[in-house]
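Please find below a short note on the model under review.

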Amino acid sequence: MRIGIVGGGLGGLLTAALLSKNHDVVIFEKLPFVGGRFTNIEYKGFQLTTGALHMIPHGNDGYLARLLRECGCNVKIINSNPDGLFRVNGKDYAYKDLFNLVGLKDKLKALKMAANLKIGNVDKSMSFGEFLESVDLALKVGNAFTGWALSLTAYETPMEEIIEIAKNYHKFGGPGIPIGGCKGVIDELVRAIKNNNGIIKVECEVKSIEIEDDKAYVIGEELNEEFDVVVSNLSPKLTEKISNVKIIKGKEPRPSKGIKICVATKEGLIKHNGVLFTPECERINGLNQVTNVDKSLAPEGYHLVMTHQTQLTNNVKKEIDLGLEDIERLFNGKDYEILHIQSYRDEWPVNHASNGTDLDNIVNDKLYLVGDGAKGKGGIEVEGIAMGVMKVVEYINS
Ligand code: FAD
(Lines give C-alpha, C1' and ligand atoms only; values in the text may rest on other atoms or scores of the structure.)
Protein backbone atom coordinates (compact mmCIF):
# COMPACT_ATOMS: atom_id res chain seq x y z
CA MET A 1 0.00 0.00 0.00
CA ARG A 2 1.09 3.60 -0.56
CA ILE A 3 0.46 5.62 2.60
CA GLY A 4 0.62 9.41 3.04
CA ILE A 5 1.24 10.75 6.54
CA VAL A 6 0.41 14.39 7.19
CA GLY A 7 2.53 15.83 10.03
CA GLY A 8 5.89 14.66 11.33
CA GLY A 9 5.26 14.82 15.08
CA LEU A 10 5.75 11.82 17.36
CA GLY A 11 2.41 10.36 16.22
CA GLY A 12 3.23 10.64 12.50
CA LEU A 13 6.80 9.38 12.84
CA LEU A 14 5.86 6.40 15.03
CA THR A 15 3.12 5.40 12.58
CA ALA A 16 5.55 5.77 9.68
CA ALA A 17 8.29 3.74 11.38
CA LEU A 18 5.86 0.85 11.93
CA LEU A 19 4.05 0.99 8.58
CA SER A 20 7.17 1.50 6.45
CA LYS A 21 8.20 -2.09 7.29
CA ASN A 22 5.46 -3.36 4.92
CA HIS A 23 4.28 -0.32 2.94
CA ASP A 24 5.54 2.68 0.95
CA VAL A 25 5.29 5.66 3.26
CA VAL A 26 5.70 9.41 2.64
CA ILE A 27 5.59 11.97 5.53
CA PHE A 28 4.76 15.63 4.90
CA GLU A 29 5.93 18.08 7.59
CA LYS A 30 5.38 21.82 7.27
CA LEU A 31 8.26 22.88 9.55
CA PRO A 32 11.95 22.59 8.60
CA PHE A 33 12.37 19.87 11.28
CA VAL A 34 10.40 16.82 12.44
CA GLY A 35 9.37 15.91 16.00
CA GLY A 36 6.66 18.54 16.51
CA ARG A 37 6.16 19.12 20.24
CA PHE A 38 8.50 16.27 21.17
CA THR A 39 11.98 17.36 20.15
CA ASN A 40 14.90 19.37 21.52
CA ILE A 41 15.83 22.99 20.95
CA GLU A 42 19.36 23.88 21.97
CA TYR A 43 19.63 27.10 23.97
CA LYS A 44 22.84 28.28 25.69
CA GLY A 45 24.04 24.65 25.66
CA PHE A 46 20.84 23.35 27.36
CA GLN A 47 18.60 20.87 25.54
CA LEU A 48 15.24 22.58 25.96
CA THR A 49 12.24 21.26 24.05
CA THR A 50 9.47 22.26 21.67
CA GLY A 51 6.96 20.89 24.22
CA ALA A 52 7.50 17.79 26.34
CA LEU A 53 9.40 17.58 29.60
CA HIS A 54 11.78 14.88 28.29
CA MET A 55 9.66 12.21 30.02
CA ILE A 56 7.96 9.02 28.83
CA PRO A 57 5.02 8.38 31.18
CA HIS A 58 5.47 4.58 31.58
CA GLY A 59 9.21 4.50 30.98
CA ASN A 60 10.97 1.54 29.45
CA ASP A 61 8.00 -0.83 29.89
CA GLY A 62 5.12 1.22 28.50
CA TYR A 63 3.36 1.28 25.13
CA LEU A 64 5.77 3.76 23.50
CA ALA A 65 8.91 1.89 24.58
CA ARG A 66 7.45 -1.38 23.24
CA LEU A 67 6.59 0.16 19.88
CA LEU A 68 10.03 1.77 19.63
CA ARG A 69 11.60 -1.66 20.07
CA GLU A 70 9.21 -3.09 17.48
CA CYS A 71 10.45 -0.45 14.99
CA GLY A 72 14.06 -1.39 15.70
CA CYS A 73 14.76 1.91 17.47
CA ASN A 74 17.61 1.91 19.89
CA VAL A 75 16.42 4.29 22.62
CA LYS A 76 17.74 3.92 26.13
CA ILE A 77 15.03 4.89 28.63
CA ILE A 78 16.02 5.17 32.28
CA ASN A 79 13.09 4.42 34.57
CA SER A 80 12.60 6.95 37.34
CA ASN A 81 13.24 5.79 40.86
CA PRO A 82 11.29 6.91 42.80
CA ASP A 83 8.74 7.61 40.06
CA GLY A 84 7.31 10.57 41.94
CA LEU A 85 7.49 12.33 45.29
CA PHE A 86 5.42 15.20 46.59
CA ARG A 87 6.66 18.12 48.69
CA VAL A 88 4.78 19.31 51.76
CA ASN A 89 6.21 21.76 54.31
CA GLY A 90 9.63 21.53 52.64
CA LYS A 91 9.84 17.71 52.93
CA ASP A 92 9.47 15.17 50.12
CA TYR A 93 7.17 12.16 50.49
CA ALA A 94 6.23 9.04 48.52
CA TYR A 95 2.53 8.61 47.56
CA LYS A 96 2.01 6.01 50.30
CA ASP A 97 3.18 8.50 52.95
CA LEU A 98 0.03 10.53 52.31
CA PHE A 99 -1.92 8.18 54.59
CA ASN A 100 0.36 9.04 57.53
CA LEU A 101 0.34 12.78 56.95
CA VAL A 102 -3.37 13.15 57.64
CA GLY A 103 -5.47 12.56 60.75
CA LEU A 104 -7.01 9.14 61.52
CA LYS A 105 -10.42 9.96 60.02
CA ASP A 106 -8.86 11.17 56.76
CA LYS A 107 -6.48 8.22 56.75
CA LEU A 108 -9.39 5.78 56.78
CA LYS A 109 -11.14 7.74 54.01
CA ALA A 110 -7.94 7.84 51.92
CA LEU A 111 -7.30 4.10 52.38
CA LYS A 112 -10.86 3.35 51.26
CA MET A 113 -10.43 5.60 48.22
CA ALA A 114 -7.17 3.87 47.22
CA ALA A 115 -8.72 0.40 47.63
CA ASN A 116 -11.81 1.38 45.59
CA LEU A 117 -9.66 2.88 42.85
CA LYS A 118 -7.53 -0.26 42.66
CA ILE A 119 -10.56 -2.51 42.12
CA GLY A 120 -12.38 0.04 39.96
CA ASN A 121 -15.27 0.37 42.44
CA VAL A 122 -15.99 4.05 41.78
CA ASP A 123 -18.67 6.19 40.18
CA LYS A 124 -17.29 6.70 36.67
CA SER A 125 -19.44 9.75 36.01
CA MET A 126 -17.71 11.90 38.64
CA SER A 127 -14.49 13.91 38.30
CA PHE A 128 -11.22 12.98 40.03
CA GLY A 129 -11.60 16.17 42.07
CA GLU A 130 -15.01 15.09 43.36
CA PHE A 131 -13.60 11.65 44.17
CA LEU A 132 -10.76 13.14 46.26
CA GLU A 133 -12.37 16.22 47.81
CA SER A 134 -13.20 14.75 51.20
CA VAL A 135 -9.46 14.55 52.02
CA ASP A 136 -7.86 17.95 51.46
CA LEU A 137 -4.25 16.72 51.04
CA ALA A 138 -5.33 13.94 48.65
CA LEU A 139 -7.10 16.56 46.52
CA LYS A 140 -4.01 18.80 46.48
CA VAL A 141 -1.68 15.92 45.53
CA GLY A 142 -4.19 14.61 42.94
CA ASN A 143 -4.45 18.08 41.46
CA ALA A 144 -0.65 18.36 41.21
CA PHE A 145 -0.58 14.96 39.46
CA THR A 146 -3.27 15.78 36.88
CA GLY A 147 -1.77 19.25 36.34
CA TRP A 148 1.65 17.77 35.61
CA ALA A 149 0.62 14.67 33.68
CA LEU A 150 -2.50 15.86 31.82
CA SER A 151 -2.46 19.68 32.11
CA LEU A 152 -5.90 19.50 33.70
CA THR A 153 -7.15 20.23 37.20
CA ALA A 154 -8.44 17.25 39.18
CA TYR A 155 -11.98 18.63 38.73
CA GLU A 156 -11.50 18.69 34.93
CA THR A 157 -10.28 15.07 34.85
CA PRO A 158 -12.97 12.41 34.34
CA MET A 159 -12.80 9.56 36.86
CA GLU A 160 -13.20 7.14 33.96
CA GLU A 161 -9.79 8.27 32.63
CA ILE A 162 -8.20 8.01 36.10
CA ILE A 163 -9.37 4.39 36.43
CA GLU A 164 -7.69 3.52 33.11
CA ILE A 165 -4.55 5.52 34.01
CA ALA A 166 -4.36 3.63 37.33
CA LYS A 167 -4.63 0.30 35.45
CA ASN A 168 -1.79 1.32 33.13
CA TYR A 169 0.28 2.49 36.09
CA HIS A 170 -0.15 -0.86 37.86
CA LYS A 171 0.70 -2.70 34.63
CA PHE A 172 3.71 -0.67 33.42
CA GLY A 173 4.91 1.49 36.32
CA GLY A 174 5.92 5.14 36.35
CA PRO A 175 7.90 7.39 34.03
CA GLY A 176 11.35 7.30 32.52
CA ILE A 177 13.71 9.65 30.73
CA PRO A 178 15.16 8.79 27.30
CA ILE A 179 18.88 9.39 26.89
CA GLY A 180 19.23 12.42 24.60
CA GLY A 181 15.80 13.64 25.75
CA CYS A 182 12.90 13.86 23.30
CA LYS A 183 15.24 14.15 20.32
CA GLY A 184 16.86 10.83 21.28
CA VAL A 185 13.50 9.23 20.41
CA ILE A 186 12.86 11.30 17.28
CA ASP A 187 16.33 10.68 15.78
CA GLU A 188 15.86 6.92 16.15
CA LEU A 189 12.40 7.01 14.55
CA VAL A 190 13.83 8.95 11.59
CA ARG A 191 16.63 6.39 11.28
CA ALA A 192 14.11 3.50 11.31
CA ILE A 193 11.90 5.17 8.67
CA LYS A 194 14.87 5.84 6.38
CA ASN A 195 16.14 2.27 6.85
CA ASN A 196 12.76 1.08 5.55
CA ASN A 197 13.02 3.47 2.57
CA GLY A 198 10.29 5.73 3.93
CA ILE A 199 10.37 9.31 2.62
CA ILE A 200 10.29 12.40 4.88
CA LYS A 201 9.54 15.74 3.25
CA VAL A 202 10.07 18.81 5.46
CA GLU A 203 8.96 22.37 4.70
CA CYS A 204 6.05 20.77 2.91
CA GLU A 205 2.74 22.14 4.18
CA VAL A 206 -0.37 20.16 3.33
CA LYS A 207 -3.24 22.45 2.36
CA SER A 208 -5.85 19.81 1.67
CA ILE A 209 -6.64 16.10 2.08
CA GLU A 210 -9.14 14.79 -0.46
CA ILE A 211 -10.70 11.39 0.19
CA GLU A 212 -12.41 9.65 -2.72
CA ASP A 213 -13.97 6.19 -3.02
CA ASP A 214 -10.85 4.39 -4.15
CA LYS A 215 -7.98 6.85 -3.57
CA ALA A 216 -6.82 9.64 -1.26
CA TYR A 217 -4.94 12.80 -2.22
CA VAL A 218 -2.52 15.01 -0.29
CA ILE A 219 -2.38 18.47 -1.79
CA GLY A 220 -0.22 21.54 -1.20
CA GLU A 221 1.60 24.17 -3.18
CA GLU A 222 3.42 22.24 -5.91
CA LEU A 223 2.19 19.04 -4.26
CA ASN A 224 -0.51 16.62 -5.37
CA GLU A 225 0.19 13.00 -4.45
CA GLU A 226 -2.11 10.01 -4.66
CA PHE A 227 -2.27 7.41 -1.87
CA ASP A 228 -4.26 4.33 -0.89
CA VAL A 229 -4.77 5.75 2.60
CA VAL A 230 -3.86 8.93 4.51
CA VAL A 231 -2.94 9.16 8.19
CA SER A 232 -3.31 12.62 9.70
CA ASN A 233 -1.08 13.64 12.61
CA LEU A 234 -2.81 17.04 12.74
CA SER A 235 -5.45 17.88 15.33
CA PRO A 236 -8.91 16.48 14.52
CA LYS A 237 -10.14 20.07 14.09
CA LEU A 238 -7.42 20.99 11.58
CA THR A 239 -7.79 17.67 9.76
CA GLU A 240 -11.49 18.35 9.35
CA LYS A 241 -10.80 21.93 8.20
CA ILE A 242 -8.47 20.87 5.38
CA SER A 243 -10.22 17.67 4.32
CA ASN A 244 -13.50 16.84 2.59
CA VAL A 245 -14.55 14.54 5.46
CA LYS A 246 -16.70 15.30 8.51
CA ILE A 247 -14.63 14.15 11.47
CA ILE A 248 -16.03 15.73 14.63
CA LYS A 249 -19.54 14.34 14.95
CA GLY A 250 -20.17 14.73 18.68
CA LYS A 251 -18.54 17.06 21.18
CA GLU A 252 -15.45 18.97 20.03
CA PRO A 253 -12.22 17.74 21.64
CA ARG A 254 -11.16 20.18 24.36
CA PRO A 255 -7.45 21.14 24.24
CA SER A 256 -5.35 21.39 27.42
CA LYS A 257 -3.12 24.40 27.97
CA GLY A 258 0.00 24.77 30.04
CA ILE A 259 3.15 26.72 30.85
CA LYS A 260 6.66 25.31 31.08
CA ILE A 261 9.53 27.18 32.72
CA CYS A 262 13.10 25.97 32.19
CA VAL A 263 15.60 26.77 34.90
CA ALA A 264 19.40 26.51 35.00
CA THR A 265 20.96 25.67 38.35
CA LYS A 266 24.47 24.67 39.39
CA GLU A 267 23.49 23.26 42.76
CA GLY A 268 20.40 21.37 41.61
CA LEU A 269 17.01 21.29 43.28
CA ILE A 270 16.28 17.57 43.69
CA LYS A 271 18.47 14.50 44.02
CA HIS A 272 16.24 11.91 42.29
CA ASN A 273 15.26 11.29 38.67
CA GLY A 274 11.47 11.21 39.09
CA VAL A 275 8.88 13.96 39.24
CA LEU A 276 8.58 16.24 42.25
CA PHE A 277 4.90 17.15 42.60
CA THR A 278 4.35 20.48 44.30
CA PRO A 279 0.81 20.51 45.79
CA GLU A 280 1.55 23.57 47.94
CA CYS A 281 2.54 25.83 45.03
CA GLU A 282 0.15 28.48 43.81
CA ARG A 283 0.54 27.38 40.18
CA ILE A 284 3.41 24.97 39.54
CA ASN A 285 2.20 21.37 39.58
CA GLY A 286 5.57 19.68 39.48
CA LEU A 287 9.12 19.67 38.19
CA ASN A 288 11.88 17.33 37.13
CA GLN A 289 15.65 17.55 36.93
CA VAL A 290 16.46 15.59 33.80
CA THR A 291 20.21 16.07 34.15
CA ASN A 292 20.09 13.59 37.05
CA VAL A 293 19.70 11.00 34.25
CA ASP A 294 21.47 12.55 31.28
CA LYS A 295 24.13 15.16 32.00
CA SER A 296 24.39 16.00 28.29
CA LEU A 297 21.07 17.87 28.51
CA ALA A 298 22.92 20.82 30.12
CA PRO A 299 26.40 22.34 29.87
CA GLU A 300 29.02 20.91 32.22
CA GLY A 301 28.45 21.92 35.83
CA TYR A 302 24.76 22.75 35.35
CA HIS A 303 21.43 21.06 35.94
CA LEU A 304 18.29 21.60 33.89
CA VAL A 305 15.07 21.86 35.90
CA MET A 306 11.75 21.96 34.03
CA THR A 307 8.57 23.07 35.79
CA HIS A 308 5.07 22.59 34.46
CA GLN A 309 1.75 24.18 35.35
CA THR A 310 -1.66 23.88 33.82
CA GLN A 311 -2.93 27.25 32.59
CA LEU A 312 -5.82 28.10 34.91
CA THR A 313 -6.93 31.48 33.50
CA ASN A 314 -6.62 33.25 30.15
CA ASN A 315 -4.30 35.84 31.67
CA VAL A 316 -1.04 34.20 30.55
CA LYS A 317 1.19 36.93 32.03
CA LYS A 318 -0.42 36.55 35.47
CA GLU A 319 -0.11 32.75 35.27
CA ILE A 320 3.60 33.07 34.42
CA ASP A 321 4.20 35.59 37.23
CA LEU A 322 2.58 33.21 39.75
CA GLY A 323 4.71 30.36 38.40
CA LEU A 324 7.87 32.48 38.79
CA GLU A 325 6.91 33.33 42.39
CA ASP A 326 6.54 29.59 43.07
CA ILE A 327 10.01 28.98 41.63
CA GLU A 328 11.50 31.67 43.88
CA ARG A 329 9.96 29.91 46.91
CA LEU A 330 11.04 26.43 45.72
CA PHE A 331 14.65 27.52 45.26
CA ASN A 332 14.52 29.18 48.68
CA GLY A 333 17.73 31.24 48.40
CA LYS A 334 19.62 28.86 46.05
CA ASP A 335 21.10 30.37 42.88
CA TYR A 336 19.18 29.81 39.64
CA GLU A 337 18.59 31.38 36.24
CA ILE A 338 15.34 31.37 34.27
CA LEU A 339 16.31 30.11 30.81
CA HIS A 340 13.04 30.05 28.96
CA ILE A 341 9.31 30.42 29.54
CA GLN A 342 6.95 28.76 27.06
CA SER A 343 3.17 28.91 26.99
CA TYR A 344 1.27 26.17 25.13
CA ARG A 345 -2.19 26.89 23.75
CA ASP A 346 -4.18 27.39 20.52
CA GLU A 347 -2.47 25.55 17.62
CA TRP A 348 0.47 24.43 19.85
CA PRO A 349 -1.23 23.24 23.07
CA VAL A 350 -0.17 20.60 25.59
CA ASN A 351 -2.77 18.22 24.13
CA HIS A 352 -5.11 18.80 21.19
CA ALA A 353 -7.67 16.73 23.09
CA SER A 354 -7.50 16.67 26.87
CA ASN A 355 -7.89 13.17 28.34
CA GLY A 356 -11.45 11.98 28.00
CA THR A 357 -12.22 14.13 24.93
CA ASP A 358 -10.18 12.19 22.34
CA LEU A 359 -11.61 11.13 18.98
CA ASP A 360 -11.50 7.64 17.51
CA ASN A 361 -8.49 6.94 15.28
CA ILE A 362 -10.46 5.34 12.47
CA VAL A 363 -12.34 7.98 10.47
CA ASN A 364 -13.04 5.66 7.51
CA ASP A 365 -11.17 3.10 5.40
CA LYS A 366 -9.07 5.83 3.75
CA LEU A 367 -8.46 8.34 6.55
CA TYR A 368 -6.98 7.79 10.02
CA LEU A 369 -6.06 10.08 12.93
CA VAL A 370 -2.97 9.75 15.13
CA GLY A 371 -1.50 12.05 17.76
CA ASP A 372 -2.72 13.72 20.89
CA GLY A 373 -6.19 14.42 19.53
CA ALA A 374 -6.79 10.68 19.23
CA LYS A 375 -5.15 9.02 22.23
CA GLY A 376 -6.13 5.67 23.66
CA LYS A 377 -8.22 5.54 26.85
CA GLY A 378 -6.16 6.16 29.99
CA GLY A 379 -3.11 6.95 27.88
CA ILE A 380 -1.01 9.72 29.38
CA GLU A 381 0.54 11.94 26.70
CA VAL A 382 2.89 10.00 24.38
CA GLU A 383 1.67 6.67 25.82
CA GLY A 384 -1.84 7.62 24.67
CA ILE A 385 -0.42 8.53 21.26
CA ALA A 386 1.31 5.14 21.08
CA MET A 387 -1.99 3.38 21.91
CA GLY A 388 -3.72 5.24 19.06
CA VAL A 389 -0.89 4.46 16.63
CA MET A 390 -1.08 0.75 17.56
CA LYS A 391 -4.80 0.73 16.67
CA VAL A 392 -4.23 2.42 13.29
CA VAL A 393 -1.31 0.17 12.35
CA GLU A 394 -3.24 -2.99 13.26
CA TYR A 395 -6.26 -1.79 11.26
CA ILE A 396 -4.24 -0.92 8.14
CA ASN A 397 -2.21 -4.15 8.30
CA SER A 398 -5.28 -6.35 8.81
P1 FAD B 1 2.75 17.34 17.11
O2 FAD B 1 4.00 17.13 17.84
O3 FAD B 1 2.11 18.69 17.20
O4 FAD B 1 2.99 16.98 15.55
C5 FAD B 1 2.18 17.43 14.53
C6 FAD B 1 3.08 17.88 13.40
O7 FAD B 1 2.28 18.28 12.28
C8 FAD B 1 3.93 19.10 13.76
O9 FAD B 1 5.29 18.80 13.52
C10 FAD B 1 3.40 20.19 12.85
O11 FAD B 1 4.39 21.11 12.44
C12 FAD B 1 2.88 19.39 11.66
N13 FAD B 1 1.87 20.08 10.86
C14 FAD B 1 0.85 20.86 11.31
N15 FAD B 1 0.10 21.31 10.26
C16 FAD B 1 0.65 20.77 9.15
C17 FAD B 1 0.31 20.83 7.76
N18 FAD B 1 -0.75 21.52 7.32
N19 FAD B 1 1.10 20.17 6.88
C20 FAD B 1 2.15 19.44 7.32
N21 FAD B 1 2.52 19.36 8.61
C22 FAD B 1 1.77 20.00 9.52
N23 FAD B 1 4.27 14.19 26.69
C24 FAD B 1 4.97 13.21 27.29
O25 FAD B 1 4.77 12.04 27.02
N26 FAD B 1 5.92 13.50 28.24
C27 FAD B 1 6.14 14.76 28.65
O28 FAD B 1 7.06 14.99 29.45
C29 FAD B 1 5.34 15.80 28.11
N30 FAD B 1 5.44 17.05 28.57
C31 FAD B 1 4.79 18.06 27.93
C32 FAD B 1 5.00 19.36 28.35
C33 FAD B 1 4.47 20.41 27.63
C34 FAD B 1 4.70 21.81 28.09
C35 FAD B 1 3.75 20.15 26.43
C36 FAD B 1 3.27 21.27 25.56
C37 FAD B 1 3.48 18.85 26.05
C38 FAD B 1 3.99 17.80 26.79
N39 FAD B 1 3.77 16.47 26.44
C40 FAD B 1 4.44 15.47 27.06
C41 FAD B 1 2.82 16.14 25.35
C42 FAD B 1 3.55 15.80 24.07
O43 FAD B 1 4.61 16.69 23.86
C44 FAD B 1 2.56 15.89 22.91
O45 FAD B 1 1.38 15.19 23.23
C46 FAD B 1 3.14 15.23 21.67
O47 FAD B 1 4.43 15.70 21.39
C48 FAD B 1 2.20 15.53 20.50
O49 FAD B 1 2.62 14.81 19.37
P50 FAD B 1 1.73 14.77 18.08
O51 FAD B 1 2.41 13.91 17.11
O52 FAD B 1 0.32 14.45 18.42
O53 FAD B 1 1.62 16.29 17.56
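**Notes on the predicted model**

1. Strand S10 and strand S11 (residues 216-220) run antiparallel and are joined by four bridges; strands count as paired when DSSP finds at least two bridges between them. Within S11, Val218 stands opposite Ile209. Strands are DSSP runs (E, at least two residues) and helices likewise (H or I, at least four), numbered from the N terminus.

2. The model is predicted: local features need pLDDT of at least 70 and side-chain atom pairs pLDDT 80 or more, while totals for chains, interfaces and linings use all residues. Residues are numbered from 1 along each chain as its sequence is written, and side-chain values use heavy atoms, leaving out hydrogens and water.

3. The order S10-S11-S12 describes an open sheet of three strands with antiparallel pairing. Its edge strands, S10 (208-211) and S12 (223-227), each pair on one side only.

4. Thr49 lies in strand S4 (residues 46-49). Its relative accessible area is 0%, so Thr49 is buried (under 20%; exposed is over 50%, partly exposed in between, with a 1.4 Å probe and protein chains only). The side chains of Thr49 and Lys260 make a polar contact of 2.5 Å (N or O atoms within 3.5 Å; within protein, one able to donate a hydrogen and the other to accept it, and residues adjacent in sequence counting only if both atoms are side-chain atoms).

5. Helix H4 (residues 104-119) contains Leu108, which is exposed at a relative accessible area of 53%.
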